[in-house]
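Work through the following exercises with the sequence and the coordinates at hand, and try each task before reading its solution.

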Amino acid sequence: MTDVVGKEVDIIVVGAGNAATCAALSAVENGASVLMLETALKDSRGGNSAFTGGAFRFSYNGVDDLMELCPSLADEDLDNIDFGTYTHDQYYDDIFRMTQYRSDADLIEVLVTNSFDTAKWMTTHGIDLIPATGRQAFKVDGKFKFWGGLALRINGGGEQLVQTLHDKAEKAGIDVLYEATATDLLYDEDRGVHGVRCRHKGKVLNLDSKAVVLACGGFESNQEMRARYLGPGWDLAKVRGTEYNNGEGLTMALDIGAMPYGHWSGCHAVAWDLNAPAYGDLDIGDQFQKHNVPFSIVVNANGERFRDEGEDFHSYCYARYGGEILQQPGMFAWQIFDQKVTHLLRSEYHIRRITKVTANTIEELAPKLEGVNADRFIQTVKDFNASIRTDIPFDPNVHDGRCTEGLAINKSNWANPLDTPPFEAYAVTAGVTFTFGGIKVSTKAEVERTGKRAIPGLYAAGEMVGGLYFHNYASGTGLMAGATFGRIAGREAADHVKMLGQAR
Ligand SMILES: Cc1cc2nc3c(=O)[nH]c(=O)nc-3n(C[C@H](O)[C@H](O)[C@H](O)COP(=O)(O)OP(=O)(O)OC[C@H]3O[C@@H](n4cnc5c(N)ncnc54)[C@H](O)[C@@H]3O)c2cc1C
């Protein structure tokens, strides 16, 4: 790899996940030469992108649009799959509603209006999109009905995504320097950003370039930064994905005057197996997650429910489950299901490495819920079972309105009495996915200082972009935002290089 170090290169891309590889491919398409820096070994490359399930959120106007991305859809039984639509307006509405209208409108416009075209561009790079039935639509009376925009997902999930994009990058002549941890930007006021300093196998290297794209993730892997920015207790959370996103990219950019932007005290965190390892495990991918809260009741150590489990489809609230569990005594909770709904549970409930107990009665289950007040739990179930509007039919594909009445915390939808054994219970804690705080970028992915002044030669994409997510997050947006802004960053950085060439 030392030959890579000596090579002249137009653009250095820091990172080797989805946003970085999209930026690198786009830069090459636009005529630039690229070197990628990846802090991890080749085997563990790809950051959080490698851990994803491949949910991919884009707007579409109907099944004809989907067929453009997935021609094999024509072979499906389309009479029995209702994909609905996911228009630009639906996408905007979801994001702004969920982020309490705080998202940067200009950046969201770029994300939403480019999303379909980005998905198409990804397919030209070999990404295979397939229907997300099972995860985003259930079969009811022989028919699937999608509820929320995620019609297609990436076949093979994150592992395949990273492999495919890296194969393409290699074919495009893009070098990747592994075990290279970027620490500083080479910058001066006259020239702007003109390279990266990194640690590589015990040496410090100053690598020159004409532009730099930062796509090296947030600070979710860094306990100290989590405690500093997210608050007390977050240092104790488990990390769902990579151990390598330690906030270095953000720090490097802030050090040369980039504007901090977005929700720095916010993050995406889910219900995650209580006994999962401290960081993600690529053999398990995202399967320590436990997203089927809407069909459960969830209790804390006091044996009490603490959220409206039926507030919405999981896609629209799962990113908050983790933070809520973190606030509970002992930072854990149990999700309880009965046999009326276990057929609806996602694949993650069927893995071997799982903290699960079962029992034939609620009284028998109660003492098995480690750490939980058993008597209080039994009373909670009795009260819950007695409060359900069973006159309203259960339908997992729509907000069915089958609620509870009269409880301190009611369940708004999908409420079913726990009465059909064996009962199944799963222990969960908070699993951090990624952090929301980032740096300010323009709609061209240029990193900006205060006053919307771009820092010449510096671009950013992916988790590092601030201003997209506040309080909550709609599933499948992270990969789309990374691909969209990565593609733009690569193109704009290549244009910057061309402009420098003309100026000479
Ligand atoms: C378990 C899990 C499941 C998920 N599922 C989905 C999903 O289905 N759909 C979806 O849209 N999103 C999902 N996400 C979120 C998604 O992973 C992220 O939003 C997205 O992958 C971020 O891409 P990125 O390229 O910005 O960062 P990453 O993919 O994290 O890439 C960052 C890269 O930078 C490297 N790096 C870090 N620091 C340095 C440094 N100093 N020098 C050099 N390299 C460095 C890392 O090693 C890595 O290669 C999931 C996340 C997790 C953890």
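**Exercise 1.** In this predicted model, determine which residues of helix H4 (residues 88-98) are buried, and where they lie when seen down the axis of H4.

*Solution.* Begin with burial, for which a residue needs 20 or more other C-beta atoms within 10 Å of its own; in H4 the buried residues are Tyr-91, Asp-94, Ile-95 and Met-98. Next, look down the axis of H4, where these buried residues fall within an arc of 90 degrees, so they line one face of the helix. Then turn to the face of H4 that points away from the buried side, which carries the exposed residues Asp-89, Asp-93 and Arg-97. Finally, check the backbone just after H4, where Gln-100 takes a positive phi of about 55 degrees.

**Exercise 2.** Compare the span of helix H11 (residues 374-386) with the expected one, and identify what covers its buried residues.

*Solution.* First take the length: H11 has 13 residues and reaches 19 Å from its first C-alpha to its last, which is close to the 18 Å expected at 1.5 Å a residue. Second, list the buried residues of H11, which are Phe-377, Thr-380, Val-381 and Phe-384; seen down the axis of H11, they fall within an arc of 95 degrees, so they line one face of the helix. Third, on the face of H11 turned away from this buried side, note the exposed residues Asp-375, Lys-382 and Ala-386. Last, the cover over the buried residues of H11 includes strand E16 (297-299) and helix H10 (362-365).

**Exercise 3.** Describe how domain 1 and domain 2 are in contact.

*Solution.* Start from the domain assignment, which gives domain 1 as 2-219 + 436-503 and domain 2 as 269-431. The centres of the two domains, taken over C-alpha atoms, are separated by 33 Å. At the contact itself, 20 residues of domain 1 meet 16 residues of domain 2, and on the side of domain 1 the elements giving two or more residues are strand E5 (137-140) and helix H6 (157-171). By class, the residues on that side of domain 1 divide into 10 nonpolar, 7 polar and 3 charged.

Technical notes: Residues numbered from 1 in each chain as written. Predicted model: local features only at pLDDT ≥ 70, side-chain atom pairs only at ≥ 80, totals over all residues. Domains from an automatic or database assignment. Contact = placed C-beta atoms within 7 Å. Helix = DSSP H or I, 4+ residues; strand = E, 2+ residues; numbered from the N terminus. Nonpolar A, V, L, I, M, F, W, Y, C, P; charged D, E, K, R; others polar. Expected span 1.5 Å × (residues − 1). Buried ≥ 20, exposed ≤ 12 C-beta atoms within 10 Å, placed from the backbone. Arc of directions from axis to C-beta.
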